[in-house]
Amino acid sequence: TNLQQGLAKAWHNFDGTGTVSTRDNFNISSLTDNGTGDYTSAFSNSFGNINYVFGGGTMETGSGGTNESTIGAHRNTSYSTTVTTSSFTMQVTTSSGSLADRTVFISYTGDLA
């Protein structure tokens with residue numbers, strides 16, 4: 001069933017606040033904290049190309065602030081995405097555009113290599 005079209009080929013549930021840690025996952029080999037609101041999930045089994053789809057949500061875990069945040073593919077300083085077949089680098093931003101540490105729930109759908 002892992003080769004069937006339409007099934008999630010990877011998913012990641014992690015706490016991006018404080019000491020960043022994976023809560024649960026499928027097909028994720030590691031999690032890297034690149035700074036406030038900036039994370040990289042590495043896949044155990046790579047995708048066949050960079051045209052996979054991601055979707056997810058975030059959750060505020062503290063008593064202050066706002067939960068209005070989104071997940072986007074990270075762009076580096078040359079404005080190219082850092083999406084690769086072996087990892088996905090994301091940034092979590094608030095509604096005001098500020099990077100923010102959040103709990104993240106994300107899934108990836110596409111063809112494995």
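Predicted model: local features only at pLDDT ≥ 70, side-chain atom pairs only at ≥ 80, totals over all residues.

Trainee: How many bridges join S4 to S7?

Mentor: Strand S4 (residues 38-43) and strand S7 (residues 87-94) run antiparallel and are joined by five bridges. To follow one of them, find Ser-41, whose bridge partner in S7 is Phe-88.

Trainee: What is the order of the open sheet that contains S1?

Mentor: That sheet has four strands in the order S2-S1-S8-S5, again with antiparallel pairing. S2 and strand S5 (53-59) are its edge strands; each has a single partner strand, so one side of each is left without a neighbour in the sheet. Neighbouring strands here are turned by 10 degrees against each other on average, direction ignored.

Trainee: Which residues may I use to trace the pairings of this sheet?

Mentor: Begin with strand S1 (residues 8-15) and strand S8 (residues 103-109), which run antiparallel and are joined by seven bridges. Asn-13 has Phe-105 in S8 as its bridge partner. S5 also pairs with S8 in the antiparallel sense, over seven bridges, and there Gly-57 stands opposite Phe-105.

Trainee: How many bridges does S1 form with S2?

Mentor: S1 pairs with strand S2 (residues 21-26) over five bridges, in the antiparallel sense. Asp-15 stands opposite Ser-21 in S2. The hairpin of these strands has five residues between them, and Gly-18 takes a positive phi near 60 degrees.

Trainee: How do side chains lie along a strand?

Mentor: In a regular strand, side chains alternate between the two faces of the sheet.

Trainee: How many aromatic pairs does the structure hold?

Mentor: There are nine aromatic pairs. To classify a pair, one examines the angle between the ring planes; over 60 degrees counts as edge-to-face. Phe-43 and Phe-47 have ring centres 5.0 Å apart and planes at 75 degrees, so their pair is edge-to-face. Both of these residues are buried. Phe-88 and Tyr-108 form another edge-to-face pair, at 5.4 Å centre to centre and 65 degrees between the planes. This pair links distant parts of the chain, as Phe-88 is in strand S7 and Tyr-108 in strand S8, 20 residues apart. Phe-88 and Tyr-108 are both buried.

Trainee: Which residues do ring pairs link into a cluster?

Mentor: The cluster consists of Phe-43, Phe-47, Tyr-52, Phe-54, Phe-88 and Tyr-108.

Trainee: Is Thr-89 buried or exposed?

Mentor: A residue is called buried under 20% relative accessible area. Thr-89 has 10% relative accessibility and therefore counts as buried. Thr-89 lies in strand S7, and its side chain is joined to that of Thr-40 by a polar contact of 2.7 Å.

Key
Residues numbered from 1 in each chain as written. Heavy atoms only, no water. Pairing = 2+ DSSP bridges. Helix = DSSP H or I, 4+ residues; strand = E, 2+ residues; numbered from the N terminus. Phe/Tyr/Trp six-rings, centres within 6.5 Å; stacked < 30°, edge-to-face > 60°. Buried < 20%, exposed > 50% of the residue type's maximum accessible area, 1.4 Å probe, protein only. Polar contact = N/O pair within 3.5 Å; in protein donor to acceptor, adjacent residues only side chain to side chain. Axes fitted to C-alpha atoms, helices over the stretch in contact; angles between N-to-C directions.
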